[in-house]
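Please open the model in your viewer and keep the sequence beside it, as this tour moves from one selection to the next.

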Amino acid sequence: MVNFSILISSSEVSGPGGLFDIDATLPLVAIQFVILMVILNALLYSPLLTIIEERKEYILSKLAKASEILSQANELTAQYEQELNSVRKEAQLEITNSQNIHKEILDIELNISQKYIDNLLETISDDLSEKKNIALNSLDGIVQSLCGDIEKQLSI
């Protein structure tokens with residue numbers, strides 16, 4: 001800080017050519033600056049700003065196209081999910097119908113088998129009853145003949 005104040009105080013020159021001496025060079029420097037700005041604007045800044053603007057438009061168009069594609073993808077996804085849910089419901093309905101049909105077929109076959117087994121058991125039962133009656137009748141005849149033989153033996 002001390003060195004700065006010494007520098008300022010030592011730079012004070014009496015007469016022309018001081019620190020802020022305003023003479024004919026100031027307007028000349030200002031004109032040079034304006035000419036340089038015009039040249040730079042024409043040669044560098046305008047093409048650069050044009051390229052930046054074209055790039056901005058390109059990016060915006062690509063972003064718009066990407067968002068459009070994304071919205072189409074979302075619509076397709078929603079559509080496919082809806083179709084998938086519909087197909088799943090139809091498949092579940094088909095499975096349920098198939099299960100019901102197979103259950104009915106099984107019940108019918110079970111009833112037919114049960115009737116066949118009942119008829120078979122009834123036939124076998126009737127056959128056994130008939131054979132039992134035949135056996136009892138023949139046994140009754142044998143018992144009668146044995147009784148007759150025993151009576152003969154006892155009466156002798």
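Is Asp127 buried, partly exposed or exposed? Select Asp127: its relative accessible area is 34%, which makes this residue partly exposed, where buried means under 20% relative accessible area, exposed over 50% and partly exposed in between, with a 1.4 Å probe and protein chains only.

This is a predicted model, in which local features need pLDDT of at least 70, side-chain atom pairs count only at pLDDT 80 or more, and totals for chains, interfaces and linings use all residues. Residues are numbered from 1 along each chain as its sequence is written, and side-chain values use heavy atoms, with hydrogens and water left out.

Because Asp127 and Lys131 are 4 residues apart in helix α2, about one helical turn separates them. A search of the whole structure finds 1 salt bridge.

Next select residues 25–155, which form helix α2, with 131 residues and a reach of 181 Å from its first C-alpha to its last; helices are DSSP runs of H or I with at least four residues, and strands are runs of E with at least two, numbered from the N terminus.

Finally, show the whole protein chain, which has 2 helices and 0 strands, and in which buried residues make up 0% of the 156 residues.

Terms used
Expected span 1.5 Å × (residues − 1). Salt bridge = Lys/Arg side-chain N within 4 Å of Asp/Glu carboxyl O.
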